[in-house]
Amino acid sequence: MNDLIFAINAVFPIILMIAVGYVFKKIGLLDQNVATKLNTLVFRVFLPIMLFLNVYKIESFEEIDLTFVFYAVIVTVLICIIGIPILKTFVKKKSQMGVMLQGLFSANYALVGLPLAQSLMGDEGSIMASLLSAFIVPVFNVLAVVSLTVFSESDKKLNIPAIIKGIFKNPLIQAILCGVAVLGIRAVLESVGINFRISNITPIYKTLQNLSSIATPLSLIVLGAKFELSSIPTLKKHIIVGTLGRCAIIPFISITLAVLIGKFNGAQFASFIACFCTPVAISSVPMSQEMGADAELMGQLVVWTTLFSSISIFLSSYILKMLGIF
């Protein structure tokens with residue numbers, strides 16, 4: 001019973017915050033225009049500050065365990081590679097192929113994964129998940145752009161410089177890189193006997209903390225406000241396959257394999273749940289539309305994986321708690 005209560009306490013506050021946003025939309029407190037602007041504010045300001053501070057809290061580079069980072073990156077890339085021949089068996093339109101592929105490997109890591117990791121393992125989980133984001137977020141972006149380009153209806157060729165430029169223009173990646181840079185500067189200063197940190201400047205650091213604290217609740221409320229329940233009969237097969245893949249098959253294989261490897265701690269497993277059990281990112285929809293893919297299908301995958309990922313998140317956290325990992 002204690003294990004069940006732990007899983008419920010970890011997962012349901014996030015679901016309830018999303019539900020609050022959905023209710024706000026239904027009663028007219030949040031419309032789509034306001035939610036879109038708030039989403040932009042979260043993406044460009046609050047989340048980057050939160051990521052920067054989470055990386056900043058890392059005491060030294062010695063805390064970085066590359067084994068768990070490699071595991072998350074390798075599994076994500078393998079999902080993309082293995083998914084291609086499997087999806088080709090029933091996806092006929094090129095504009096849908098890239099969307100379905102992205103629906104398998106891409107996660108709503110920033111909006112759902114980071115608060116989830118913090119909910120599961122507190123500050124330790126948050127720091128570990130932020131550390132992993134420095135590697136996995138760029139991987140998500142690279143694979144998304146490449147898959148949508150390769151399986152585009154147009155004859156556009158891959159533009160590697162443009163892909164790289166787009167990655168480094170991402171506010172979340174910029175924040176993580178700034179955090180890593182600050183860690184490097186801190187290490188250099190400490191090597192010459194100077195122990196100075198941003199936290200020593202109380203007004204600035206307190207302001208950053210206040211802005212950071214807004215990120216999680218507001219991002220979840222906005223996610224709920226942008227949630228749309230709709231179903232298109234012609235996309236039924238794609239929705240079922242995409243949702244089962246993202247919310248059942250991938251969580252089961254990735255988490256089970258990590259348990260069998262037996263080299264990861266609770267905070268790292270919280271990061272794996274954030275990476276492999278969360279729904280498709282909302283940002284996938286405008287990206288699909290901009291690159292000429294099937295944005296309507298992408299929107300359906302976002303909706304249904306958001307709904308059913310709560311089950312995979314709950315079961316994963318509950319089972320890991322029973323195994324003594326959490």
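Me: Leaving aside neighbours within four places in sequence, which residues is serine 254 in contact with?
Reply: Serine 254 is in contact with Tyr71, Val75 and Phe276, where contact means heavy atoms within 4.5 Å. This is a predicted model, in which local features need pLDDT of at least 70, side-chain atom pairs count only at pLDDT 80 or more, and totals for chains, interfaces and linings use all residues. Residues are numbered from 1 along each chain as its sequence is written, and side-chain values use heavy atoms, with hydrogens and water left out.

Me: Where does serine 254 lie?
Reply: Serine 254 lies in helix α9, residues 236-261; helices are DSSP runs of H or I with at least four residues, numbered from the N terminus.

Me: Is serine 254 buried or exposed?
Reply: Serine 254 is buried, because its relative accessible area is 2%. Buried means under 20%, exposed over 50%, and partly exposed in between, with a 1.4 Å probe and protein chains only.

Me: And what does its side chain reach at 2.7 Å?
Reply: The side chain of serine 254 reaches the backbone oxygen of isoleucine 250 at that distance. The backbone oxygen of proline 251 is reached at 3.4 Å.

Me: Changing topic, how many residues has the largest nonpolar core?
Reply: That core has 95 residues, and those with the most contacts inside it are Tyr109, Ile136, Phe272 and Phe276. Helix α5, residues 109-150, gives the most to this core, with 20 residues. A nonpolar core is a set of buried Ala, Val, Leu, Ile, Met, Phe, Trp, Tyr and Cys residues joined through side-chain atoms within 4.5 Å.

Me: What does phenylalanine 272 touch, not counting residues up to four places away in sequence?
Reply: Phenylalanine 272 touches Phe68, Tyr71, Ala72, Ile255, Ala258, Phe264 and Cys277.

Methods:
Helices (H or I, at least four residues) and strands (E, at least two) are DSSP runs, numbered from the N terminus. A polar contact is a pair of N or O atoms within 3.5 Å; within protein, one must be able to donate a hydrogen and the other to accept it, and residues adjacent in sequence count only if both atoms are side-chain atoms.
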